[in-house]
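Take a look at the model below.

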Amino acid sequence: MNPTSPTQTRSLLLAAASLTSVLLLAACASPPPPTASLKLAQQAIATAEQNEAGRYAPGELAESRTELAAANTAVSDKQMVTAKQLAEESTAAAEFASAKTADAKANAVNDEMKRSTATLVQEMQRNAGAQQ
């Protein structure tokens with residue numbers, strides 16, 4: 001056995017206490033703010049707005065904005081995990097609004113093409129009847 005002096009014992013205890021304190025502080029530290037997720041959500045909302053989602057998917061766009069606001073509040077409250085989750089939900093809602101908008105616009109173009117085709121068919125039938 002190695003005899004230790006009281007000074008060595010105190011030094012070891014102090015080192016152990018210091019190490020324990022550092023580990024506890026590291027365990028309590030919150031993750032950094034989800035800056036990338038927040039920016040992605042903002043960009044997705046901006047894209048949805050440019051695509052006219054306010055006209056074709058107002059509910060989804062509003063939901064996206066609400067989720068982003070909640071994410072920013074969570075950052076202020078130092079709830080970074082929640083903030084990241086809300087930012088990702090905001091991005092998903094904005095992307096859904098963009099997709100719904102694209103679908104509505106495509107359906108409108110399709111409907112217009114059907115009307116134009118029907119008009120052309122009527123004109124062709126009218127011209128065919130006049131030539132007989």
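Contact here means heavy atoms within 4.5 Å. Keep in mind that this is a predicted model.

Start with helix 5, residues 80-131. This helix has 52 residues. From its first C-alpha to its last it reaches 76 Å, close to the 76 Å expected at 1.5 Å a residue.

Which residues of helix 5 are buried? They are Met 80, Ala 83, Leu 86, Ala 87, Ser 90, Thr 91, Ala 93, Ala 94, Ala 97, Ser 98 and Thr 101. What covers them includes helix 2 (35-50), helix 3 (53-56) and helix 4 (58-76).

Turn to helix 4 next. Its axis and that of helix 5 come within 8 Å and cross at roughly 165 degrees. An angle over 145 degrees counts as roughly antiparallel, so helix 4 is roughly antiparallel to helix 5. The crossing is left-handed. On the helix 4 side, the residues in contact include Leu 61, Ser 64, Leu 68 and Ala 71. On the helix 5 side, they include Leu 86, Ser 90, Ala 93 and Ala 97.

Now zoom in on Ser 64, which is found in helix 4. Is Ser 64 buried or exposed? Buried means under 20% relative accessible area. Ser 64 is at 0%, so it counts as buried. Its side chain reaches the backbone oxygen of Ser 90 at 2.8 Å. Leaving aside neighbours within four places in sequence, Ser 64 is in contact with Ile 45, Ser 90, Ala 93 and Ala 94.

Helix 2 holds Ala 41. Ala 41 also has 0% relative accessibility, and therefore counts as buried. Beyond neighbours within four places in sequence, Ala 41 is in contact with Leu 68, Ala 87, Ser 90 and Thr 91. The C-alpha atoms of Ala 41 and Glu 89 are separated by 8.3 Å. Along the chain, these two residues are 48 residues apart.

Finish with Lys 84, back in helix 5. How does the solvent reach of this residue compare with the cut-offs? Lys 84 is partly exposed, because its relative accessible area is 39%. The C-alpha atoms of Lys 84 and Ala 74 are separated by 8.8 Å, with the two residues 10 residues apart along the chain.

Key: Residues numbered from 1 in each chain as written. Predicted model: local features only at pLDDT ≥ 70, side-chain atom pairs only at ≥ 80, totals over all residues. Heavy atoms only, no water. Helix = DSSP H or I, 4+ residues; strand = E, 2+ residues; numbered from the N terminus. Expected span 1.5 Å × (residues − 1). Buried < 20%, exposed > 50% of the residue type's maximum accessible area, 1.4 Å probe, protein only. Polar contact = N/O pair within 3.5 Å; in protein donor to acceptor, adjacent residues only side chain to side chain. Axes fitted to C-alpha atoms, helices over the stretch in contact; angles between N-to-C directions. Parallel < 35°, antiparallel > 145°, perpendicular 65-115°, else oblique. Left-handed = near helix turned anticlockwise from the far one by under 90°.
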